[in-house]
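Have the viewer open while you read.

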Amino acid sequence: MHTVFLRLRSIVFLALMCVGAQAQASQSTLMIVGDSLSAAYGVQTGESWVALLQERLEGEGLDRWQVVNASISGETTDGGLRRLPDLMDKNEPAVVVIELGGNDGLRGFPPNVIRQNLARMIEQVKEAGAETLLVGMQIPPNYGQRYTRAFADIYPELADEYDTELLPFFLEGIYDQEGMMQGDSIHPTAEAQGQLLDNIWPVLEPMLRD
C-alpha cells in the first residue's frame, strides 16, 4: 500500500509540474525599452500608451501577453544598451520594442554612435531568440538638414540590415497637431496617447498574433 501511495504521489506531482509548465508557456512577455515617450512623462501612468496597450491586448484576445515597461525618461541608446542584458535575463521577452534615439538626436550625438548602439541592442535581442520592433524617430529641422536626414535614416537602414519590424515615425499625426504636444513641444499630451498606440499597433499586432 505504501508503494502504491508513493507512486500516486509521484504521478500527481508530475501532473502538477506539467500543468505549471503549460501555464508558464502560455504566457509571453512583450518588453518596451524606451525613453520618456513610453515612460508616461507628463501624463498619468494609467493614461499612457503602454497602459492602453495592455487594455487593448486583453480586448483583442491577446491577454496571454504580459507587458513589461522598461522605459526611463531621459534614456539614451547608450543607457538602453547597458541596461538591456539584465532586462533580457530578468524578463525573457519574446518581443522587444526599442523606442530610443530621440534624446541622442536632441543632444546632437553622432549618428554613427546612435546607429551602433541600436544595432548592438537588436543583435542582443536576436541572440536571445526574441523579435524586435524598432520605433523610428525624427528631430526638428533646426538641427540642420544633413544631421536630421542622417538621424532619420538610422531606423530604416537598421530595419533593412537586421530584417526587423519598423514603425517609421512614432509621432506621426501628433507632433504637428494642436493639443497633442505638451508645452515643451517634445512630449505628447494625454490626449495623444491613444494615437501613439494606434501608430504602433498595425506593426505590433501581427508580431503578437504570430
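Axes here are lines fitted to C-alpha atoms, for helices over the stretch in contact, with angles running from 0 to 180 degrees between N-to-C directions. Helices (H or I, at least four residues) and strands (E, at least two) are DSSP runs numbered from the N terminus. This is a predicted model, so to speak of local features takes pLDDT of at least 70 and side-chain atom pairs count only at pLDDT 80 or more, while totals for chains, interfaces and linings use all residues. Residues are numbered from 1 along each chain as its sequence is written, and side-chain values use heavy atoms, leaving out hydrogens and water.

Start with H3 (residues 77-91) and H5 (residues 111-127): their axes come within 9 Å and cross at roughly 10 degrees. That makes H3 and H5 roughly parallel (angles under 35 degrees). In contact terms (heavy atoms within 4.5 Å), residues including Leu81, Leu84 and Met88 of H3 meet a set in H5 that includes Ile114, Leu118 and Met121.

Now the rings. The whole structure has four aromatic pairs, meaning Phe, Tyr or Trp rings (six-membered ring for Trp) with centres within 6.5 Å. In one, Trp49 and Phe170 sit with centres 5.5 Å apart and planes at 80 degrees, so the pair is edge-to-face (over 60 degrees). Trp49 is in helix H2 (residues 49-59) and Phe170 is in the loop between S5 and H7, 121 residues apart. Both get the buried label (under 20% relative accessible area, 1.4 Å probe, protein chains only):

| Residue | Relative accessibility |
|---|---|
| Trp49 | 1%, buried |
| Phe170 | 0%, buried |

How values were computed:
Angles under 35 degrees count as roughly parallel, over 145 as roughly antiparallel, 65 to 115 as roughly perpendicular and the rest as oblique. Rings of Phe, Tyr and Trp (its six-membered ring) pair if their centres lie within 6.5 Å; planes under 30 degrees apart count as stacked, over 60 as edge-to-face and the rest as tilted. Buried means under 20% relative accessible area, exposed over 50%, partly exposed in between (1.4 Å probe, protein chains only).
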